[in-house]
Amino acid sequence: MSMDVARFGHGSRVPGWDEAPELPKNPQEIPDPATTPVPEALRAEIEQHMAKYPDRRSAAIPALAAAQRLHGWCSPEAFRQVACVMRLTPAYLAAVATFYDMLDTRPVGRKRVYVCTNISCSLCGGRELLDKLADAVGDDTDVQVRGFECLGACDIAPMVSVDGVYVGPVADDEVDELARQIRDGDDPLPDKQLIRRRSVDPQANQ
Amino acid sequence: MTQHLLFNNIDEPGLDTLDVYRRRGGYGDRLRKALTMPPEALVEELKASGLRGRGGAGFSMGMKASFMPKGAMDKYLVCNADESEPGTFKDRELMQKNPHLLIEGMIIAAHAAGANRSFIFIRGEYDQQATILEAAVEEAKAAGLLGDNILGTDHSLELWVHRGAGAYICGEETGLLDSLEGKRGNPRLKPPFPANQGLYQGPTLINNVETLATVPIIVELGGAKYAEIGAEGSTGTKLISISGNVKRPGNYEIELGTPSREIIYGLAGGPPDGREIKLWFPGGSSSPVLTKDDLDLAYDFNTLAKAGTMLGSGAIIVVDDSNSVVDVALWTAQFYRHESCGKCTPCREGTNWTVKMLERIQTGLATPMDLDIMASVCENIIGNCLCVLGDAMAMPIGSMIRKFRGEFEEYIEAARERNPMVTDEPAPEQSLLQGALV
């Protein structure tokens, strides 16, 4: 699932290779604030991030994450808006965004469901869980279910991250319920959330 | 009974708030004591404690702090909370339950290093933990514990929480710095080391969450007293993450030097009933694997290094005998192929080819010669890249082939018999695209 490779015109992996370039267009251009409408809340959030760092470019990742929350993915429009506020080129931001797994540069479901498929989770059935959960969620275009690299919660393997909320260990008979909660936007498996888990070290609470 | 320094009463309600943390002695005398000490004395104290980095490399924290240049300039302290090594989840629990311990440690470490700006780089997946940390930082700022002239001393520190966006390589210190500067997280050539040219080309001290959280404890106990805990050359206590095929996976605080058997069987309950341990990773998926014959090794930096592996981040992954070593090798290699940043050829291509060969073993298209090719690919990765991501795949895969060669060969034979397409006749001509990156 995460291994899918995007294909474009004539099976190529390069998007837009068969479209004619717009030669008069300057590729280095920073979007003009006068002609690029940016939602006020997004602008405020990006400016707040920029103020934190000695170099404004450091705010690129938090700013892209904010734009992704608004648009659902890092769309060309999202890149233009962030670039306009940060005074960077959209190309710079696209180069950054494609490096990171949590920033999507293709349209995907707004609800991000990551299933860990790393060693510890695979030993406990993480890969089977990914298949079952993807089947249970079905063709909901609003939901993105994907295998993800180690999410740092091997103590609750096999585990799932539902928009940042870690749940696990997910038993086979809970998959349908979890899928329903994801679709309906409910709190996922409240009893199995990591945040409520106590330390297992018997001497940690003496 | 192991002394619990970091996990002491960790589930106390409200420990993530300033009030409860203060009631337990946080931000009190020890912080005042540390901030009134000259930075050099503080560095000496850290050296005397023998504290070694808890993130993976195990380098002396005091030595690292002493490499920071003197003089007035912009210096930075960065806390590495990326914690992406498979099997590691100790920092997550520590940050979620006791965020102020980390903040206090950063205030003290920044004073030792002369830094006045600091960042906590937390991985983007840890959304709930980052929110807790941000709230704790705000609380500390409001209480005057961060900002200008902390506790009336002339030490000032700004602290921000920076969220990453999902990349294993950002746990590598120079990759982390590039990512923090808003670029792709490609590692840099070393030297110059971050202590000379790090974040924004300024001197930078980078430490793991657990290392920094230990600093207030060292100040409180004194370096010499802390050095009495643990083993020779591996002082103190360590948070251990145990996962995989064990009955009670989770984080445990142990004294370094505890026998591995006691950790895996005593604390984590061992593998499920009727199963035996086939192999275990002693320090995250990057460490060469050990077998059930190595369970009596003491769990500390030097003993594990002598056994040809490493303590790494303190993440033990146990694999029992119901699993095939080929599957484990493939999962490991797939992870590194996915996470290789692509900058250095040996790592980018080596991880890809290793996955392809392991897949060939599974489909029954491999011959025992592939094992030698795989071992040679691994040898050619080690030491030939800017960072150790490629080595981190080559070391465990290489050790699996060495220690489980018989099982690999049996698997190859069985898979060949299963696959009706494979005969002893010459191999069918394969498409030229077979080896291409797809």
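Two strands pair if DSSP finds at least two bridges between them; helices (H or I, at least four residues) and strands (E, at least two) are themselves DSSP runs, numbered from the N terminus. Keep that handy for the sheet below.

Before you click: this is a predicted model, where local features need pLDDT of at least 70 and side-chain atom pairs count only at pLDDT 80 or more, while totals for chains, interfaces and linings use all residues. Residues are numbered from 1 along each chain as its sequence is written, and chains are lettered from A and ligands numbered from 1 in the order in which they are written.

**Stop 1: all of chain B**

Select chain B and colour it by secondary structure: you have 17 helices and 13 strands to look at. The C-alpha trace spans about 85 × 45 × 35 Å along its principal axes. For 438 residues a compact globule would have a radius of gyration near 22 Å, and chain B agrees with its 23 Å (taken over C-alpha atoms; the globule rule is 2.2 Å times the number of residues to the power 0.38).

How much of chain B counts as buried? The figure is 55% of the 438 residues. Buried here means 20 or more other C-beta atoms within 10 Å of the residue's own, exposed means 12 or fewer, and partly exposed is in between, with C-beta atoms placed from the backbone.

Contacts come next: two residues are in contact if their C-beta atoms, placed from the backbone, lie within 7 Å. Among contacts in chain B between residues at least 6 apart in sequence, 72% join residues at least 24 apart.

**Stop 2: the open sheet**

Now pick out β8-β7-β13-β10-β11 of chain B, 5 strands that form an open sheet in that order with mixed pairing. The edges are β8 and β11 (290–291), each pairing on one side only. Strands of a sheet pair through backbone hydrogen bonds, either parallel or antiparallel.

β7(B) and β8(B) run antiparallel and are joined by 6 bridges; zoom in on T237(B), which faces E255(B) in β8(B). Step across to β13(B), which pairs with β7(B) in the parallel sense over 4 bridges. There, S243(B) stands opposite I317(B). On to β10 (residues 277–281), which is antiparallel to β13(B), again over 4 bridges, with I277(B) opposite D320(B).

Stay on β13(B) and show its side chains. In a regular strand the side chains alternate between the two faces of the sheet. Is β13(B) mostly covered or mostly open? It is mostly covered, with 6 of its 6 residues buried. One face carries A315(B), I317(B) and V319(B), the other I316(B), V318(B) and D320(B), and both faces are covered.

**Stop 3: where the chains touch**

Show both chains. The contact takes 56 residues from chain B and 42 residues from chain A. On the chain B side, α13 (325–339) gives the largest share, 6 residues. Other elements supplying at least two residues include α7 (127–142), β3 (158–163) and α8 (173–180) of chain B. By type, this side of chain B has 20 nonpolar, 23 polar and 13 charged residues (Ala, Val, Leu, Ile, Met, Phe, Trp, Tyr, Cys and Pro count as nonpolar, Asp, Glu, Lys and Arg as charged, and the others, Gly among them, as polar).

**Stop 4: helix α2 of chain A**

Select residues 60–71 of chain A. Helix α2 has 12 residues and reaches 16 Å from its first C-alpha to its last, close to the 16 Å expected at 1.5 Å a residue (1.5 Å times one less than its number of residues). Because 9 of its 12 residues are buried, α2(A) is largely enclosed by the rest of the structure. The cover includes α1 (40–52), α3 (76–86) and α4 (90–97) of chain A together with β3 and α8 of chain B.

**Stop 5**

Click D154(B), in the loop between α7 and β3. With 8 C-beta neighbours inside 10 Å, D154(B) counts as exposed. Its C-alpha is 8.6 Å from that of L35(B), 119 residues away along the chain.

Finish at I361(B) in helix α14 (residues 345–363), which is buried, with 23 other C-beta atoms within 10 Å. Beyond its neighbours within four places in sequence, the contacts of I361(B) are V326(B), A366(B), D370(B), Y411(B), I412(B) and A415(B).
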